[in-house]
Amino acid sequence: MARSKNKKNGASSTVDVGAILLRKWWITAIVIAVILGGIILLYIFLPAFANKTDSSVVIKIPANATSEMVKDSLAKYYGDKFADKVIMISNLRGADLSKRNGAFRIDSGMSPYLAERHLRRGVQQPMVVVVNNARGIDALTQKVTKNLEMNPDSLKTYLASDEVLDQYGFTPQQVSALFFDDSYQFYWNASPKTIVNKIGENYIKIWNPQRLEKAKELGLTPAEVVTLASIVDEETNKSDEKPQVARLYLNRLKKGMKLQADPTVKFALNDFSLKRIRGEHLNVDSPYNTYKVEGLPPGPIRTVTVADIDAVLDAPQHDYLYMCAKDDFSGYHNFAKDYNTHMQNARKYQKALNRINIL
């Protein structure tokens, strides 16, 4: 073994050349390993920061989901590579994205790292629920749950529960009066109770003391006002005519006359496509057929707006008891105080229908 000797002030030192070379080799190996490791890490993790989404989407993670389902949802919009990176990052963090039940918005320009962080934090994107022109409880629950995770039957069952009916003083047929035509926001995984509570808060806000007092003066409950408003809204789409139509029906109720409202017959038949109500239609056996039953039907025949209930509550006084659509098909009605005048108006309208072959 080669050794070198130096003497200085009587002392000597021996340097092991082989040890120096071995040390240099290890240093070089470590440097190379660090560089290679860095290259590998960059190769693996750089896409997690560099890749960006090119669109904004809402990722929905249902209850009892699996990691594979989360990955598939991401891959559907952003491809397998992006989805793989998100799942890889979540695994490294020890997070399970499949437990994040809800709907989450992934914004355009997000990297896999940011997308994973957003999903992991569980900040949900509110879903818009639009209620309008819902005829009957089935149509209503379908509209409400259209953009939500829950099944329409789950909401329908809860609405029929004593918990809801007792709280608002509804019968099962009146419960749709809780909902007004409007846009609402709920989380995708909202429960039926959460939905009803929020809708109920809106209902209580609308039925303030002033409106409650007006309903009382008419001798009607809030649910009955909504029921009448639903008939009025089906009778005419002319906002300026609704108060007049509402007063006509209030006059009939006061006199003990049957409402004889065509929309209630359509509801009883479950056919709102009817253009002309004939004798055979009037014979349908239903509590909603106001040609056969007295007073209001058991509940609303559709959802209404706040303006619709105000049309009933603020209906101007008049003495009309009859109405018939105008023969010019303008959408407005001719009103009459007596039956003979009404029949003259009705014959004009029937002739107009015959001219254009409306059956």
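This is a predicted model: local features need pLDDT of at least 70, side-chain atom pairs count only at pLDDT 80 or more; totals for chains, interfaces and linings use all residues.
Local features here need pLDDT of at least 70, side-chain atom pairs count only at pLDDT 80 or more, and totals for chains, interfaces and linings use all residues. Residues are numbered from 1 along each chain as its sequence is written, and side-chain values use heavy atoms, with hydrogens and water left out.

**Exercise 1.** Work out whether Phe-179 is buried or exposed, and list what Phe-179 contacts.

*Solution.* Start with accessibility: Phe-179 has 1% relative accessibility, so it counts as buried (under 20% relative accessible area; exposed is over 50%, partly exposed in between, with a 1.4 Å probe and protein chains only). Next, look for contacts (heavy atoms within 4.5 Å). Leaving aside neighbours within four places in sequence, Phe-179 touches Val-131, Leu-140, Val-144, Leu-159, Ile-199 and Thr-303.

**Exercise 2.** Classify the aromatic pair of Tyr-168 and Tyr-203.

*Solution.* First, the search: the whole structure holds 11 aromatic pairs (rings of Phe, Tyr and Trp, its six-membered ring, with centres within 6.5 Å; planes under 30 degrees apart are stacked, over 60 edge-to-face, the rest tilted). Now this pair: Tyr-168 and Tyr-203 sit 5.9 Å centre to centre with 85 degrees between the planes, making them edge-to-face. Finally, burial: Tyr-168 is buried at 14%, and Tyr-203 is buried at 7%.

**Exercise 3.** Find the ring that lies under the charged end of Arg-135.

*Solution.* Apply the rule: NZ of Lys or CZ of Arg must be within 6 Å of the ring centre and within 35 degrees of the ring normal. Then check Arg-135: its charged end sits over the ring of Phe-272, 4.0 Å from the centre. Likewise, Lys-198 lies over the face of Phe-186, at 5.2 Å from the ring centre.
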